[in-house]
Amino acid sequence: MADRVERLQIPFSAYGTDPYGVSKRHLIRIFTAARFFYRHYFSVETHGLVNVPPRGRAMLVGNHSGGIAIDAAMVYASMFFEMDPPRLAQGMAEKFINKFPFASLWSSKVGHFTGLPEHAERLLEEDRLLMVFPEGARGTAKLFRERHSLVDFGTGFLRLALKTKTPIIPFGFLGGGDALPTVSNAYKLGKRLGVPYIPIVPYWPPVPLPVKLEIHYGAPMVFEGTGSEDDEVIQGYVDEVKASIKRLIHHGLCLRRGEPTASVHFGDEDRDIR
């Protein structure tokens with residue numbers, strides 16, 4: 001694990017930290033724990049990794065589901081365990097995490113910062129890999145029956161991609177809603193505890209189930225512009241990204257069910273699967 005952390009293309013200092021405070025020691029610990037869940041508990045399968053650039057700025061943009069951010073953790077792990085050289089997918093954390101000192105500290109030490117535009121822009125300008133879920137907490141709040149759907153996307157990520165000339169790598173995540181099948185959300189209780197909601201599942205204890213998870217990375221999407229375009233233009237681009245993610249989810253579901261599916265662009269792995 002330490003060898004893979006050393007191979008990350010991040011300017012660590014002699015003290016093992018980067019300019020943002022990301023720590024080698026914390027990364028080794030978090031990926032050691034993540035390896036069990038990624039390799040064994042969820043047996044994650046990844047497809048289309050050829051679409052993720054091995055270096056340079058890029059934005060991973062995908063769907064959210066599953067009550068808690070299981071998808072974010074597994075995408076984070078996939079970039080570290082599957083890419084060669086490994087990459088650190090840095091996420092924009094929800095602001096409520098700052099209310100919890102331990103969580104806030106660990107979040108920053110392993111590369112995830114409060115979801116402010118200036119943080120994201122600086123990371124991209126320094127050629128980092130950014131992980132974005134435009135649905136936000138509304139995405140993880142989906143109920144079991146809604147697990148394969150998409151709710152409204154924010155538009156900030158698209159303006160940021162245009163401003164920083166960053167390619168968007170869409171991905172479809174499957175299985176999050178099966179791992180934690182939410183039947184309702186306790187919003188009032190969540191507010192009292194300082195979080196958006198508490199997911200309610202039909203079993204006890206309410207921990208994620210060991211179901212198989214899949215990540216389908218699609219072809220890079222590059223849009224022309226400066227980020228200052230009219231809302232209608234930006235929304236059109238966002239809709240294109242959303243449609244691409246929807247196709248990736250549908251493609252993955254068809255493969256799971258053994259059903260015919262249209263071709264989905266996976267770079268060098270393009271094919272029609274019948």
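This is a predicted model: local features need pLDDT of at least 70, side-chain atom pairs count only at pLDDT 80 or more; totals for chains, interfaces and linings use all residues.
Colleague: OK, so which residues of helix H5 are buried?

Modeller: In helix H5, which runs over residues 117-125, the buried residues are Ala 120, Leu 123 and Leu 124. They are on the same side of H5, because the arc they cover around the axis is only 95°.

Colleague: And what do those buried residues of H5 pack against?

Modeller: Their partners are strand E2 (58-62), strand E3 (89-93), strand E4 (113-114), strand E5 (129-132) and helix H7 (156-164).

Colleague: Which residue takes a positive phi just after H5?

Modeller: That is Asp 127, with a phi of about 65°.

Colleague: Switching to pockets, what volume does the second largest pocket have?

Modeller: The second largest pocket has a volume of about 150 Å³, and of the 14 residues that line it, the closest to its centre are Gln 9, Ile 10, Arg 87, Asp 127 and Arg 128. By class, that lining is made up of six nonpolar, three polar and five charged residues.

Colleague: Now the rings: how many aromatic pairs are there?

Modeller: The count comes to 16 aromatic pairs. One of them is the tilted pair of Phe 36 and Tyr 41, with 6.1 Å centre to centre and 50° between the planes.

Colleague: Why does Phe 36 count as partly exposed?

Modeller: Phe 36 counts as partly exposed because its relative accessibility is 43%, and Tyr 41 also counts as partly exposed, at 23%. Phe 153 and Phe 157, by contrast, are both buried.

Terms used
Residues are numbered from 1 along each chain as its sequence is written. Side-chain values use heavy atoms; hydrogens and water are left out. On a 1 Å grid over the protein atoms alone, a cavity is a set of points where a 1.4 Å probe fits but cannot get out, and a pocket is an open set with protein on both sides within 12 Å along at least five of seven lines; lining residues have an atom within 4 Å of a point. Grid points are joined across faces, edges and corners, and a volume is the space filled by probe spheres set on the points. Ala, Val, Leu, Ile, Met, Phe, Trp, Tyr, Cys and Pro count as nonpolar, Asp, Glu, Lys and Arg as charged, and the others, Gly among them, as polar. Buried means under 20% relative accessible area, exposed over 50%, partly exposed in between (1.4 Å probe, protein chains only). Helices (H or I, at least four residues) and strands (E, at least two) are DSSP runs, numbered from the N terminus. The arc is that of the directions from the helix axis to the C-beta atoms. Contact means heavy atoms within 4.5 Å. Rings of Phe, Tyr and Trp (its six-membered ring) pair if their centres lie within 6.5 Å; planes under 30 degrees apart count as stacked, over 60 as edge-to-face and the rest as tilted.
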